[in-house]
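Biologist: Could you walk me through the wording used for this model? I would like to know what stands behind each term.

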Amino acid sequence: MYPAPGHLLELGHETVWHVAGPAGWREADGRFQGWRAALRAAGRQVPDALIGDCSPRSGYQAGKLLMTLPGRVTAVFVANDQMALGVLRALAEAGVPVPGQVSVVGFDDIAESDLVGAGEGAGRRLGKAGT
């Protein structure tokens with residue numbers, strides 16, 4: 001029912017952090033609710049979500065913040081691909097290998113997402129199962 005966070009949990013991550021879109025946006029709210037429901041259904045810790053404005057810059061800022069949190073962040077579900085690109089840049093600048101140390105899943109399957117990560121179609125395969 002919640003393929004992106006569920007996929008990350010199936011990979012063995014203890015929890016999944018979320019870079020959410022702006023509150024009050026239907027799509028962002030739905031993705032937030034799905035992320036939280038997936039973690040709760042799996043009996044996992046639900047960390048505080050980081051809120052972005054859907055831009056790569058806000059994803060970059062969230063990625064930098066994730067690297068300063070206590071404990072080890074190993075999985076991030078990002079509400080859209082633009083912010084996911086920013087998260088990926090912040091992780092790369094910090095020398096954090098993706099997916100070796102941190103798994104990142106974006107949403108929307110923009111054309112540019114094929115240039116990084118798991119390769120062509122990865123987002124489409126997850127996206128077909130729903131939000």
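Biologist: Why is R26 called exposed?

Modeller: Its relative accessibility is 68%, and exposed means over 50% relative accessible area, buried under 20% and partly exposed in between, with a 1.4 Å probe and protein chains only. R26 therefore counts as exposed. Please keep in mind that this is a predicted model, where local features need pLDDT of at least 70, side-chain atom pairs count only at pLDDT 80 or more, and totals for chains, interfaces and linings use all residues. Residues are numbered from 1 along each chain as its sequence is written, and side-chain values use heavy atoms, leaving out hydrogens and water.

Biologist: And what makes E27 partly exposed?

Modeller: E27 has 41% relative accessibility, so it counts as partly exposed.

Biologist: How do you know that R26 and E27 form a salt bridge?

Modeller: Their side chains meet at 3.5 Å, N to O. A salt bridge is a side-chain nitrogen of Lys or Arg within 4 Å of a carboxyl oxygen of Asp or Glu, so the pair of R26 and E27 qualifies. The structure holds three salt bridges.

Biologist: What makes D108 and R31 another such pair?

Modeller: The distance is 3.2 Å, N to O, between their side chains. D108 sits in the loop between β4 (103–105) and α5 (122–127), and R31 in helix α2 (residues 26–41), so this bridge ties together parts 77 residues apart in sequence.

Biologist: Is R31 buried or exposed?

Modeller: R31 has 12% relative accessibility, so it counts as buried.

Biologist: Why are R89 and E93 said to be about one helical turn apart?

Modeller: Because they are four residues apart in helix α4. R89 is exposed at 54%, while E93 is partly exposed at 47%.

Biologist: Why is α3 called oblique to α4?

Modeller: The axes of α3 (residues 56–66) and α4 (residues 81–93) come within 6 Å and cross at roughly 40°. That makes α3 oblique to α4, because angles under 35 degrees count as roughly parallel, over 145 as roughly antiparallel, 65 to 115 as roughly perpendicular and the rest as oblique.

Biologist: Which residues of α3 and α4 meet there?

Modeller: P56, S58, G59, Y60, G63 and K64 in α3 meet Q82, M83, G86, V87, R89, A90 and E93 in α4, where contact means heavy atoms within 4.5 Å.

Notes: Axes are lines fitted to C-alpha atoms, for helices over the stretch in contact, and angles run from 0 to 180 degrees between N-to-C directions. Helices (H or I, at least four residues) and strands (E, at least two) are DSSP runs, numbered from the N terminus.
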